[in-house]
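Subject: Structure handover

Hello,

Here is the structure for you to look through. My notes on it follow below.

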Amino acid sequence: MTDTRVGSSSAGGLLTHGENGVSTAVPPRPVIQIVPLKGLPIVAVVLGLLIASIGFNWEWGLDFNHVAGGALWTGIDLFVGLVVGPILGRLSISARAEFSARFMPKMVLLMPTLVAMTLASGFQIALNLGNLKASSPNHAWLMVSFVVVGVMAVIALGVLEPANIAVLFEMRKPQPNGEVIGKLMKRFIYTAGITGLMQVATLIIMTRVASQ
Amino acid sequence: MSLSNPAAGQGVTTQQRFAPVAELGTAALVLIVVGGIFMASYAPRHAPLAVPIGLAAASAVLLAANVVMLIRTRGLAWDKFFLVGRWTLLSYVIAAGLIEFAFVKDHTRGGPLVVLSAMLVLFAVNVPLIISFTVARYQSVRRDAS
């Protein structure tokens, strides 16, 4: 039976014997913090800026949240799905595990924050500009963007985020089960195409709305 | 219960069958998202409420069915379920509160606000349920060693 364990159970590293019989030091597995606590104050500041922007109808704040959040959301989604993901798929299991252990906790904080920044400010901007009115030439485009965001929300909240957190819990175990991690990570591969397509659609819709 | 990888340790059951809580939760989430899109598509006017009420009611039925299935579930890592559940619930209550704040700020009142609030409650309960169940099902304790 194939052993699908990822990494070793040692927190401080251990010695293994290579093919030539020489002992080599295996680097210790990183300690995984599921939610990086150091990032929480930054999230709080960003959300505070978002709430203030909406509360005071602060035009620059709304634009900043929508443009910066949207650009990062789309950019990160496409880069991770189309560039990082395929590279990760060709790495060894231990390399994948080490990368994921450092990468995924950051995504737990980063992506929901970017999504909140983009959507909340975007709705407010559309309302202020009158783009949501049925008479607006942008109305139909915004309705399509709602559907696009809806599809991405269901994928993110119902499929990817649960898998992300479940993988992190699995990786915290002394002997993580590679089979479970592999099964959960497949969700990212299956949905990368849909998410990529939705993000490209978002780019088309938003540039279209901005130019009308 | 069968284990496809007993060498993996930690009693992880990779083939244990659980009720489709995550799938049903996602279906309930889809109904809420469709209802939200329907209401937002009418902004700044008030949307007719029959469709969103129907969608929210259907979502509530799915959530109730999910809770019943969860209660009957055996072998789930309940400690992990509640650990993840309480923190994700906190974060999604904050997210739902933020959305509610935006709609109140935009003068949403009366029936639409009630329907929207109900949908946000369903959203704030459903997502943590999906996340905590997904974590707990893979942390399940092996009950037999064979």
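This is a predicted model: local features need pLDDT of at least 70, side-chain atom pairs count only at pLDDT 80 or more; totals for chains, interfaces and linings use all residues.

Helix 1 of chain A itself covers residues 40-55, which makes 16 residues. From its first C-alpha to its last it reaches 22 Å, close to the 22 Å expected at 1.5 Å a residue. Its buried residues are A:Leu50, A:Ser53 and A:Ile54. Seen down the axis of helix 1 of chain A, these fall within an arc of 100°, so they line one face of the helix.

The face turned away from that buried side carries the exposed residues A:Leu40, A:Pro41, A:Ala44, A:Val45, A:Gly48 and A:Ala52.

The cover over the buried residues of helix 1 of chain A comes from both chains: it includes helix 2 (59-89) and helix 3 (93-129) of chain A, together with helix 3 of chain B.

That brings in the contact between the chains, to which chain A gives 33 residues and chain B 34 residues. On the side of chain B that touches chain A, at least two residues each come from helix 1 (21-40), helix 3 (78-105) and helix 4 (110-138) of chain B. Helix 1 of chain B gives the most to this side, with eight residues. Sorted by class, the side of chain B that touches chain A has 21 nonpolar residues, 10 polar and three charged.

Regards

Conventions
Residues are numbered from 1 along each chain as its sequence is written. Chains are lettered from A and ligands numbered from 1 in the order in which they are written. Two residues are in contact if their C-beta atoms, placed from the backbone, lie within 7 Å. Helices (H or I, at least four residues) and strands (E, at least two) are DSSP runs, numbered from the N terminus. Ala, Val, Leu, Ile, Met, Phe, Trp, Tyr, Cys and Pro count as nonpolar, Asp, Glu, Lys and Arg as charged, and the others, Gly among them, as polar. The expected span of a helix is 1.5 Å times one less than its number of residues. A residue is buried if 20 or more other C-beta atoms lie within 10 Å of its own, exposed if 12 or fewer, and partly exposed in between; C-beta atoms are placed from the backbone. The arc is that of the directions from the helix axis to the C-beta atoms.
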